[in-house]
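Hi everyone, thanks for making the time. Have a look at the picture with me, and then I'll talk you through it.

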Amino acid sequence: MVLAVRLREAVSLADRFPLLAGVTLDVAEGEVVHLRGPNGAGKSSLLRLCAGLAAVTSGTAVVLGHDLCVDRQSLRREVGLLGHSSFLYEDLSVERNVVFAVRAARADVAGVDAALDRLGLVGRLRTTLVGNLSAGQRRRAALAVVVARAARLWLLDEPHAGLDAEGRTLVDDLVRDASRRGTTVLLASHELDRAADLADRTVAVVGGRVVVGELPGERRGAATGAAAPAGPAGGVRAADAEGVGCDVA
Amino acid sequence: MWRDALLVAGKDLRIEARSKVAIGQVVPFALVVVLLFGLALGPAVGRGSVLSQAAPGLFWVAVLLATVLAVQRSFAIEALDGASDGLRLSGLDPAGIFVGKAAALGSQLLVLEVVLTGAVALLYDRHLAGGLLLAGSCVAATAGLVAVGTIYGVVSSGARQRETLLPLLFFPMVAPILLAATKSWDAALAGTPGRGIGWLDVLAVFAVAYLAMGTVAFGPLLEDA
């Protein structure tokens, strides 16, 4: 088994404030993992760390084979993050935003049309400035970026928030399709039933740590946190799995 | 890096084409500054007037003030709805982002300088001589200004007091550029371009040094912003 995410006692600080207080987590490639936990538990920070946005202060963090203690920059082209913000430019059209993001990631712009169609961003919506969109339409545009970039790792922070019923079903379908293609998905959600239904397993994040223990959302016999999935016996390359660790004095 | 720079410059110029902030606000602001200097130091009658003598310095002070507005706008578009995170997440080469943002800013400032040159000639009663030196000084000084502006733009973008922090950081760093550009323009307008070549060299050195510094430092600064 190849690990997409391998964290060992990963700590992340914002100034002196601990965002993550020692997270240990393995996620296999192609796995869909639901992160649950109360507000302020560190779910968003964990996703930002996996995207290479939040710095690892100590511990080990290897994502898609990139050691985040050494280089966060090269990872970023390979991940798609749907955050609380849309990460879009208000004075650019939906289509221009998606094309910019795809070109920046050196992905194929031929996938832009399909991604916009899939997200229902058709007709005049494509050429509408993002600043003129509703919250739900912005969310769809941000999702179109994730889809069009063909990222290997999807990091979805409350992906159903702000969407109508059709949009929420669409998110579910997108995650299932991505999983079938072998994309790894980490999704943080308070919609426990919906997210648990999508996920191969659920892990709890509390106080900036992944907590091991049985959870109501746990499915398919998988354990939580560092205990699951199976270890590196399935063929994780040593360099990818270990990382150098980053201890900042 | 160059591919990423083109992508970022194209994005910034496209946003400017849509929002028209530079054309609709920065250029009029600079024109008002030039006009206010004229009211304060005028009237401009002949080459011996205070206004006519001070024209090169007033021109570059107006350009400096307008540059602050343009830099703030350039980084304000990255602050909306988490766009700066999007830029970091994009995977673009930070050096390419720096060069792209500086190039977009520079092209806007060069247009501004053309407009201001006409305004100075008209309002301050200065005959435009030494065209090559004037143009060369504009290009070299603008390159230095946008390099410093982009470096300190990203530094101040993460601060809560960004509106006041940027001018405080920016003006002391560009004082040598202001001095050299003024001297160079003075020589050109006086019809003695040979006196200004040395100052043009100084501008070129500052431009190269600041552009090199920005290319190296922009990545870590963007991460900390």
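Predicted model: local features only at pLDDT ≥ 70, side-chain atom pairs only at ≥ 80, totals over all residues.

Let's start with chain A. It has 8 helices and 10 strands, and of its 249 residues, 57% count as buried. If you take the contacts in chain A with a separation of 6 or more, 68% of them are between residues 24 or more positions apart. The accessible surface of chain A is about 10,100 Å², and carbon and sulfur atoms account for 51% of that.

Now to the inside. The largest nonpolar core holds 67 residues. Trp60(B), Leu92(B), Leu116(B), Leu145(B) and Phe170(B) have the most contacts inside that core. And which helix gives the most to this core? That is helix H3 of chain B, residues 50-79, with 14 residues. There is also a second, separate core of 37 residues, and among its members are Val102(A), Ala142(A), Val171(A) and Ala195(A).

Let me zoom in on Leu92(B). Leaving out residues up to four places away in sequence, Leu92(B) touches residues of chain A, including Gln73(A), Arg77(A), Phe100(A) and Ala104(A). In chain B, the residues touched by Leu92(B) include Asp4(B), Leu7(B), Val8(B), Leu87(B) and Ile97(B).

Over to the surface. Val32(B), Leu35(B), Leu36(B), Leu39(B), Leu122(B) and Leu123(B) make up a nonpolar patch, with about 610 Å² of accessible area together. Two elements of chain B give two or more residues to it: helix H2 (21-41) and helix H5 (94-123). H2(B) has the largest share, 4 residues. Leu123(B) sits in helix H5 of chain B, and its relative accessible area is 37%, so we call it partly exposed.

A quick word for those of you who think about cysteines. The count of disulfides over all chains is 0. Take Cys50(A): the nearest cysteine sulfur belongs to Cys69(A) and is 12 Å away. A disulfide here would need the two sulfurs within 2.5 Å, so Cys50(A) is in no disulfide. Cys50(A) is also buried, at 0% relative accessible area, and Cys138(B) is buried at 9%.

Finally, the charges. Side chains of opposite charge can pair when their charged atoms come close. How many salt bridges are there over all chains? The count is 26.

One of them joins Asp91(A) and Arg73(B), at 3.1 Å from N to O. This pair crosses between chains: Asp91(A) is in the loop between strand E6 (79-82) and helix H2 (94-104) of chain A, while Arg73(B) is in helix H3 of chain B. Arg73(B) is partly exposed, with 21% relative accessible area.

Then look at Glu78(B), which pairs with Lys11(B), the closest N and O atoms being 2.5 Å apart. Lys11(B) lies in helix H1 (residues 2-19) of chain B and Glu78(B) in helix H3, so this pair ties together parts 67 residues apart in sequence. Glu78(B) also meets Lys101(B) in a salt bridge, at 2.8 Å. Here helix H3 is linked with helix H5 of chain B, and the two residues are 23 apart. Are these side chains buried or exposed? Lys11(B) is buried at 3%, Glu78(B) is buried at 4%, and Lys101(B) is buried at 0%.

Last one: Arg48(A), Arg72(A), Arg76(A), Asp85(B), Arg88(B) and Glu223(B) are linked in a network of salt bridges.

Definitions and conventions:
Residues numbered from 1 in each chain as written. Chains lettered and ligands numbered in written order. Heavy atoms only, no water. Core = buried A, V, L, I, M, F, W, Y, C linked by side-chain atoms within 4.5 Å. Buried < 20%, exposed > 50% of the residue type's maximum accessible area, 1.4 Å probe, protein only. Contact = heavy atoms within 4.5 Å. Patch = residues over 30% accessible without salt bridge, like charges linked within 9 Å, V, L, I, M, F, W, Y side chains within 5 Å. Areas by Shrake-Rupley, 256 points an atom, 1.4 Å probe, with all protein chains shown as cover. Salt bridge = Lys/Arg side-chain N within 4 Å of Asp/Glu carboxyl O.
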